[in-house]
Amino acid sequence: MLLITKIYTMNTLIRIYLKDLLRNKYTTMMVILVPILLYPMLYWGITQFLMVKSGLTDNQEINLSLDIRSEKFSSIKDSIATIHNFSITETSNENFNKDGIYLIVTEVDSLPYYTVHLDSTNSIQKQFFGKLEGKLSDYYDLQLGGRIDASAYDNEYFDTFWIDKHNIDGEYETMTKILSMIIPLMSIITIIAGIGTGAVELTAGHTEDKTTETTLTTSLSRKKIIMAKLIATNIYGLIAGILNFTFLTFVILQIINTLMMQFAGKSFDFDWSLIFNIKVILITFLSLSIMSHMMSLIFVAAAGFATKRKEGNILITPFFMAFMMMSYVVIIPAIEPSLVISMVPVLNIAMMIKLLLVNDLQLVFFAESVLFSIVWMFLLYKLLLPFMLEEEIILGNSNTSLIKQIKGRFAKWKKK
Amino acid sequence: MEEKIVIKNLTKEFYDEQRGTVKAVNNLSFTAYAGEIFGLLGPNGAGKTTTLRMMATLMKPNEGTISINGFDTAQNAQNVRKSMGFLSASTALYPRLSPREIITYFANLNGYPEENTKERVEELIKHFDITKYADTLSEKLSTGMKQITSIARTIVHDPPVLILDEPSSGLDVIVAQKIHEHIVDLKNQGKTIIFSSHNMGEVEKVCDRIGVINNGKLLTTGTLNELREITGKYYMEEIFIYLVQEYESVKQKKIETSND
């Protein structure tokens, strides 16, 4: 009975806080509008990022499977071999894989016709392809010269050079790759925005409005009140994250569809089950919930030191920036899941979602990430909760005994 | 008479960067009885709010004890909070909730029986004449409406002790008058009320006994007539100025009177 009463009062408090937050036009506008303004910028940034060709190192090698189907053009191998660091294997098995480039040379109208299979999202392959394209063009011109000499046709008649380029990944996979970079990043950013706004409103805002004081005089314990603030902040952040995540996915797919219609003349039918399946949704939601609870703890503690909303916003800004930077790391292709990544809060969850979306189920990494996030949460509870419960913090006077001690020690050190 | 509030040797210190450790409340003691309004009168910064906050278990005293409705604030804070209603100096309402929602929520938070909550809320809305604006968001209400809602919120769980920190501060005369009437009405229902104010007139009008506080020290306590007798002054304002200026001599006079 006592437990039911406790849960009931806690629920009442969470409902008050959520109602108060959701009815606040300004906070809700901030949480929804800010990411909406960010989307176009982010989309532009990511497109630019994908187009950037990374620099190659001297010892970087790439495999080229060469499938020459016309004896006439067997000398093309020597021409390609002049490209530095190309490891050429002659083959005819049509084994297309992401590890290298597969080139088929056939004969059309006595001239070479090239078909290239490569991973277009791999910037190194794209850079090698640039060099390969040059060689293929030169070889074509050479053959074309011979053909012109051997016939009475006009030069203009043969002025065609054609490479049929195929992307090994396919549209869906490329799309999932792009979304797997954007979704963790955006969902984390919007969750941070939601949590930040919620935390400031429920701590500094309530101190400013004096509502914390009146709530503290009810029969609820301080711990329960702080926990209700944490949970309400967490829920608000998740609501903001989910709303923005859904909206963003639709916006991006719409943009891509428009681009495809414009340039390829066909519409893009995205297989939603790649992202919206129970496994992805459940694991993503669980991991984001753990992460957002940890963030709520930090933001509520930081904003708790403020007596006004303005101060609260200033106090949470460094944490906001730090978490945002961490989530940005996932869009760097070279970053691979590792034990170190699993230890870094926020980044571990972002990486986990990224892997989930490309169906790369690295269960050990997932387990490590969840475990370390829980450890972080536990440590933060131990460290921050006593602070948050101090009367001078909870009532909006940050001169706590601990801060006094630190100040005292600093003053002594200064005297020395 | 039943002792509802007993405060003994209460002291609260704060740390201030410029002034170092400051005693906001210094060795303060008084008793309030069932069915009386005890006024704490003092200028801004005298220590009234700090004293009330300690009584409401919002702060812990550095020294001294507080007992409310038989419960010690240090030992049994939860029962103390159940026994009292606290009205802070500002209206302290959730701006985006309506008076009806606020009163209901506070009834729930204070553990008022769920089955009777609706009836109790409606009774208070009717009693305090809140009906017209009961469903308007409190951010849109006037200060007077907010303060009346705050009082209703404070008493919703029907506590025997009420702590009211400057309840009519910033209100116009008509609303202040209305609030005074409500406070007297609550006293007639048998509640013990601690009423803090820096307004001499309202203390004179509303309170049964008065404690004059300055610089964290309780200068004296007594009924208005007793204070008049001790100081030889008639109006509360004169009494207060006299007490602040002649604190030591009054203290001596009081000791002599009690010895006689």
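Contact is defined here as heavy atoms within 4.5 Å. The structure is a predicted model, in which local features need pLDDT of at least 70 and side-chain atom pairs count only at pLDDT 80 or more, while totals for chains, interfaces and linings use all residues. Residues are numbered from 1 along each chain as its sequence is written, chains are lettered from A and ligands numbered from 1 in the order in which they are written, and side-chain values use heavy atoms, with hydrogens and water left out.

Chain A contains 14 helices and five strands; helices (H or I, at least four residues) and strands (E, at least two) are DSSP runs, numbered from the N terminus. Of its 416 residues, 46% count as buried, where buried means under 20% relative accessible area, exposed over 50%, and partly exposed in between (1.4 Å probe, protein chains only). Among contacts in chain A with a separation of 6 or more, 75% come from residues 24 or more positions apart.

A:H293 belongs to helix α8 (residues 278–303) of chain A. With a relative accessible area of 13%, A:H293 is buried. Residues up to four places away in sequence aside, A:H293 touches A:N234, A:M377 and A:Y381. With A:Y381 there is also a side-chain to side-chain polar contact at 2.5 Å. A polar contact is a pair of N or O atoms within 3.5 Å; within protein, one must be able to donate a hydrogen and the other to accept it, and residues adjacent in sequence count only if both atoms are side-chain atoms.

At the interface, 34 residues of chain B are in contact with 33 residues of chain A. The size of an interface is often given as the accessible area lost when the parts come together. The area buried between chain B and chain A is about 3100 Å², with carbon and sulfur atoms giving 55%; buried area is the accessible area (1.4 Å probe) that two parts lose on being put together, summed over both. B:Y94, B:R96 and B:L109 supply 26% of the area that chain B buries against chain A, more than any other three residues.

Five salt bridges are counted between chain B and chain A, a salt bridge being a side-chain nitrogen of Lys or Arg within 4 Å of a carboxyl oxygen of Asp or Glu. B:R96 forms a salt bridge with A:D20, the closest N and O atoms being 3.3 Å apart. On the side of chain B that touches chain A, the elements giving two or more residues are β1 (3–16), α2 (77–83), β6 (84–87) and α3 (99–109) of chain B. Of these, α3(B) gives the most, with five residues. By class, this side of chain B has 16 nonpolar, eight polar and 10 charged residues. Ala, Val, Leu, Ile, Met, Phe, Trp, Tyr, Cys and Pro count as nonpolar, Asp, Glu, Lys and Arg as charged, and the others, Gly among them, as polar.

Within chain B, helix α5 (residues 143–155) is mostly covered, with 10 of its 13 residues buried. Among them are B:Q147, B:I148, B:I151 and B:R153. The buried residues of α5(B) pack against α6 (211–216) of chain A together with β6, α3, α4 (114–127), β7 (161–165) and α6 (173–188) of chain B.

B:R228 lies in helix α8 (residues 224–231) of chain B and counts as buried at 18% relative accessibility. Beyond residues up to four places away in sequence, B:R228 touches B:E204, B:K233, B:Y234 and B:I239.

Over all chains, 20 salt bridges are found. B:E36 and B:R209 form one of 2.9 Å between the closest N and O atoms. This pair links distant parts of the chain, 173 residues apart, with B:E36 in the loop between β2 (20–33) and β3 (37–41) and B:R209 in strand β9 (residues 209–214) of chain B. B:E36 is buried, with a relative accessible area of 6%, and B:R209 counts as buried at 16%. B:D208 forms a salt bridge with B:K187, the closest N and O atoms being 3.1 Å apart. B:D208 lies in the loop between α7 (200–206) and β9 of chain B and B:K187 in helix α6 of chain B, so the pair ties together parts 21 residues apart in sequence. B:D208 is partly exposed at 27% relative accessibility, as is B:K187, with a relative accessible area of 21%.
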